[in-house]
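Dear colleague,

Please find below the structure that I am handing over to you.

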Amino acid sequence: MASEASQIMSLKILVEKEKNRIVFVEANKDFVDVLFSFLTIPLGTIVRLTREHSLKGEIGCLNNLYESLEKFDEDFLSSEHKGMLLHPRCATDVYCRDLKVNLVECNKSKYYVCQSDRCDVVSYYQNDSCPCGKALHFELNLLNPVPQGGSGFVKPTVRFMITDDFQVSPTSTMAGLSLLGNFGALDGSKIEERLLNIGKDEVLKLLKCSLASRTPFSDSILEPPFGKTKPMINYGQYGPRMMNLSQRDVDTSNKDEKINLKLIINRSNNRVLYAEVEENFVNLLCSFLSFPIGYIFKEFPYLSFKGCLGNLYKSVQDFDVNKFFKSEEMKAILLDPKLAPGTSYDNKLIGEAVNLSWLTLKSLFKIEFIDLSSESTLREVKIGGGLVKGPSMFMVTDSLSIAPLSPISGIFLINRLKVPLSDIQELETLRLLVASLVSRSALTDAFVLKETKQET
C-alpha cells in the first residue's frame, strides 16, 4: 500500500481574495490523471467512498439504493453478488494502478485465468468462469506495480490549468488573464498565489464536491476564512425529455421482453408512494451501481447536473489526442467508459469492456501464478443473468429504498396517506438512471411528472 507521503501532489493555485474563490489551478500529469480517473469510477464506488463524509442526499437516490443492498440477506442476494455490487470493479484497473492518488485502490485488483494454455481471457472475478467452461484456478500476481509505458492517461510533459468548475486546458498566459478578467481581478493586489500539497483526503473531498458544487476547488481546498465552512448543495433538476439530444430508451434484443412495475400514486399531488416490482426490476436498479459515472455524461450531455463532472468530460472531448493523451485508447476509455468484464446486466444499457487478454497483461506486467486449485470448488457467479434470487416481489420507494414486498406495510402506508389508486407503466430504464443520480424522487420524476412537463 502506498505511503501517505508518496500520495502527496503539489498544486499552484491563484486565489481572488475578495470573493474568496480559486481562479484556476496549475497542475501536472499526476493531478490531471487523478482528476480524469473520476470519470471511470463506478457509481457504487463513489457512494461507498463519499457517504461517510457526504452531504445529505448528495447523489440523488443512490445512497438509499446502496444501503438497501447492504441489508439484503442470502435469501435474496448472494454474498458474491452483493460484493460485486457494493465494491464494483473498474474497467480501467490496469491503467490506474499507479496513479499518484488511487481512490479505488486499483493496485489491489486481482485477475484470474483457467488452467488451459489455449485460453487467452483474463477474468476480473474469481467466481466467474472461463469462456471455455473451466473454473479459474490461477490468480495472477502482478509483480511490477506500474505497467510498461507508465500509468494514467495524459503525456508526462504537459502542464494544465483547471478552473474552479473543472474546465481543464493546457497552460496559457492569455487564458489565465481572461479568467482574471472574468473575476474583475486584473489588479495584482486582488489576487494571491499559493502552493498547496494535497493527498487522498483532499482528493476525496474534491470528488464529493464535484458532485454537488459549481466551485469544488474552492469548497474543498480553501479553509476558513478564505472558503466556506460547508459546500453549498445544488441539487440537479430533472427536465422533460428532448428527443434531439443524446438520450435513448433501452434497446433489448428481445422486443417482447419488458420490465413492468405497478406504481402506487398519491393522486392529490401526483407523486409516487412506492412501486411493486419483481426481481428483474431490482436487478436493473442494482446494475446502476456498476456504471462508471462518465457514462452518464456520454449519454446525457445536456443533463442538468449541478456538479462539475460534465465540464471535466467535455474537456477530455476537446483535447487533441496526439498532443495530450498517451494514446487514442486512453482518450477513448474516458469518453466511452465501460463496465468491467463480467458485470453486465442481461438487458444491456451499457457495453462491457473488451475482455482483458493474457497476452496484453503479459506485455504490461511481470506476472507470477498463484495456484488456487486447492481451494473449495468455485461456483459460477455473474451479474449478467440476474442478481436477485427469484421469483420475488419487492417494494421500491420513490427515493429507491428497496425491501421485500410486505402487503401489511403497503396497506398501512396507503391507508395512512389515503392513496388507494395505482397505475401500471412500462419501464424507461435510461430515464430512471438519470433520475436516480440527480433527483431525490426518482420514480416520480422518471414515470409520472415527465408527462406533465412535456405537455407544458
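In the class counts used here, Ala, Val, Leu, Ile, Met, Phe, Trp, Tyr, Cys and Pro are taken as nonpolar, Asp, Glu, Lys and Arg as charged, and the others, Gly among them, as polar. On that basis, the lining of the largest pocket comprises 10 nonpolar, six polar and eight charged residues. Please note that the model is a predicted one.

The volume of the largest pocket is about 560 Å³. Its lining consists of 24 residues, and those nearest the centre are H87, R89, K108, S109 and K110. Two or more lining residues come from each of the elements α2 (43-50) and α4 (79-86).

Helix α4 also packs with helix α3 (residues 62-71): their axes come within 10 Å and cross at roughly 160°. An angle over 145 degrees counts as roughly antiparallel, and α3 and α4 are therefore roughly antiparallel to each other. The crossing of α3 past α4 is left-handed. Y66, L69, E70 and K71 on the α3 side meet K82, L85 and L86 on the α4 side. This contact has four nonpolar, no polar and three charged residues.

The second pair is formed by helix α10 (residues 309-318) and helix α12 (residues 328-335), which pack at an angle of about 150° with their axes 10 Å apart. These two helices, α10 and α12, are therefore also roughly antiparallel to each other, and α10 passes α12 in a left-handed crossing. Y313, V316 and Q317 of α10 make the contact with K331, L334 and L335 of α12. By class, four nonpolar, one polar and one charged residues take part.

Yours sincerely

Definitions and conventions: Residues are numbered from 1 along each chain as its sequence is written. This is a predicted model: local features need pLDDT of at least 70, side-chain atom pairs count only at pLDDT 80 or more; totals for chains, interfaces and linings use all residues. Side-chain values use heavy atoms; hydrogens and water are left out. On a 1 Å grid over the protein atoms alone, a cavity is a set of points where a 1.4 Å probe fits but cannot get out, and a pocket is an open set with protein on both sides within 12 Å along at least five of seven lines; lining residues have an atom within 4 Å of a point. Grid points are joined across faces, edges and corners, and a volume is the space filled by probe spheres set on the points. Helices (H or I, at least four residues) and strands (E, at least two) are DSSP runs, numbered from the N terminus. Axes are lines fitted to C-alpha atoms, for helices over the stretch in contact, and angles run from 0 to 180 degrees between N-to-C directions. Angles under 35 degrees count as roughly parallel, over 145 as roughly antiparallel, 65 to 115 as roughly perpendicular and the rest as oblique. A crossing is left-handed if the near helix is turned anticlockwise from the far one by less than a right angle, and right-handed if clockwise. Contact means heavy atoms within 4.5 Å.
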